Amino acid sequence: MAEVAESSKPMFAGLSDVSISGDIPVEGEINVPVGTPSQDNEYSTLDEPVKDTILRDLKAVGKKFVHVMYPKKSSALLRDWDLWGPLLLCVTLALMLQGGSVDSKDDGGPQFAEVFVIIWFGSVIITLNSKLLGGTISFFQSLCVLGYCIMPLTVAMVVCRLVLLGGSGTVSFIVRLIVVTASFSWSTFASTAFLADSQPPNRKALVVYPVFLFYFVIGWMILTFSPSA
Amino acid sequence: MASSDGNKNTEPWGGFDDNIIQGTGSAVIDMENMDDTSGSSFEDMGEMHQRMKEEEVAEEAEATEEETGEDGEFLGMKGINGQLGRQVADEVWQAGKRQASKAFNLYANIDILRPYFDVEPMQVRNRLIESMIPIRMIHFPQKIAGELYGPMMLVFTLVAILLHGMKTSGTVIREGTLMGTAIGTCFGYWLGVSSFIYFLAYLCNAQITMLQMLSLLGYGLFGHCVVLFVTYNVHFHSLFYILWLVVGGLSTLRMVAALISRTVGQTPRLILCGTLGALHMLFLFYLHFAYHKIVEGILDTLEGPNMPPIQRVARDLPVVATSAMNAVNTTVKILGVILQSQ
């Protein structure tokens, strides 16, 4: 190989002197080491109509809702995690919880932000906690499970709203209490059914307690909701 | 084969070769030094790789040019040397990825905290119970567990209880949210007072680490949780004062005893424990009175001369929640009156 010029030559100077005219045939094979797109055509979803994409995502979300309603130890929720469902539930819950405080013109705004922050911040804390305790579940999988298990509480919120339409007496309070308690236990039970397998067996209680607290706070917010007159 | 011109290496690991750093010299790269990462950061490695590639390609291009002997145009990123662009880009991507993952593993690594969460449920339960039992051994340093799971859960529980108290008392926060206030108060107390007492301990020469202080104060909040949980639902003032003294006092005594056992000298002990005791008891006092509502009417008629120092005006609450609480309150008050009259 020819020796490169002396040490006084600046670094990239040689580059600018290189020139190849286009009509000189060059022999040999050039294999560009970039993944060929032809193999990806069947997996590429960029070209399908938007309706297909949306329907597919909605079906996935719907399937997960069914899994939450009938919680059995399946890994479908964990395998294909997505955050659409949690976002939908969180926004629905936050919108429904709005406008139900003492001075609505002062507290209407923060109510939405509060619910949002509680749900996402709480989920992040629980996920970190379960990872620190030796869990094998990944960050987003855990967020996905916790978000989807808010569904019973959202259903309870809808029911409470309907019950409140009929008046806010003692009977309605008892009914709401029962509904919220039932849905909060359902949420806790559903999320433990999914999360428990990923923990070391003797530490399940340590992971379940924050989940219990989390859903308890959300349930309490739902129970004490009363629409402004 | 190692290039030997201009090699003034005196380091045992080979040092930085001049021909690599300045990008000149022979085309043969000294692989021994290339793979040695001691003393060079990944940035340098990435750059060195990049320069190596560009050198090689430049040399190849020069060699080809010499062979053809013609002076064509430099097509830059196109032509046969389009591959140069892709390889350089690829190399830059690899270097960037390596750097990013290294930074991520360094800073966002939660494994740093993993040893502090290594507890069993039985241990947590035992420590919760022990936090209410002061130990009188003060001539030998008491053992303080350095754990963060229990304290964190207790702080969150306190936040939940505070929220409950604020909601039922109809507290309206103008410049913020209920949740923000509750979290800010509880975490601020836990972290702030721990740091402050740790600083005082440092001044007073006490043998305690920051982790132990956090853990001690965190477990001390168990008493607060219990008292607030009871008194936010049962608005009986004498009950609060009794609980404040007994439960709050016990948990404060436990913390104080642990600190005394690790401090030498009367004055440092007094300073440290006086501060901690005062802050802890006053915090419970503050939490009770700042965030809870005193139901009027029934209180006035039954308490009589024991008027509470702070009173609030009843706000429009959900009627049913108050009526449920009123039922409980009236029962307790009637019991109290019956007991007093006996």
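This is a predicted model: local features need pLDDT of at least 70, side-chain atom pairs count only at pLDDT 80 or more; totals for chains, interfaces and linings use all residues.
Reader: How many helices and strands does chain A have?

Author: Chain A has nine helices and zero strands. Both are DSSP runs numbered from the N terminus: helices are H or I with at least four residues, and strands are E with at least two.

Reader: How much of chain A is buried?

Author: Buried residues account for 40% of the 229 residues in chain A. Buried means under 20% relative accessible area, exposed means over 50%, and partly exposed lies in between (1.4 Å probe, protein chains only).

Reader: Which residues touch the most other members of the largest nonpolar core?

Author: They are A:Tyr215 and A:Ile218, in a core of 102 residues. Helix H6 (residues 149-168) of chain B gives the most to this core, namely 13 residues. A nonpolar core is a set of buried Ala, Val, Leu, Ile, Met, Phe, Trp, Tyr and Cys residues joined through side-chain atoms within 4.5 Å.

Reader: And what does A:Ile218 touch?

Author: Leaving aside residues up to four places away in sequence, A:Ile218 touches A:Leu93, A:Ile119, A:Ile150 and A:Leu153. A contact means heavy atoms within 4.5 Å.

Reader: Changing topic, how many aromatic pairs are there?

Author: There are 18 aromatic pairs over all chains. Rings of Phe, Tyr and Trp (its six-membered ring) pair if their centres lie within 6.5 Å; planes under 30 degrees apart count as stacked, over 60 as edge-to-face and the rest as tilted. One of the pairs is A:Phe139 with A:Phe140, which is edge-to-face, at 5.3 Å centre to centre and 80° between the planes.

Reader: Why is the pair of B:Tyr241 and B:Phe289 tilted?

Author: The pair is tilted because the planes lie at 40°, with the ring centres 6.4 Å apart. B:Tyr241 is in helix H9 (residues 237-260) of chain B and B:Phe289 in helix H10 (residues 266-290) of chain B, 48 residues apart.

Reader: Is B:Phe289 buried or exposed?

Author: B:Phe289 is buried, at 5% relative accessible area, whereas B:Tyr241 is partly exposed at 28%.

Technical notes:
Residues are numbered from 1 along each chain as its sequence is written. Chains are lettered from A and ligands numbered from 1 in the order in which they are written. Side-chain values use heavy atoms; hydrogens and water are left out.
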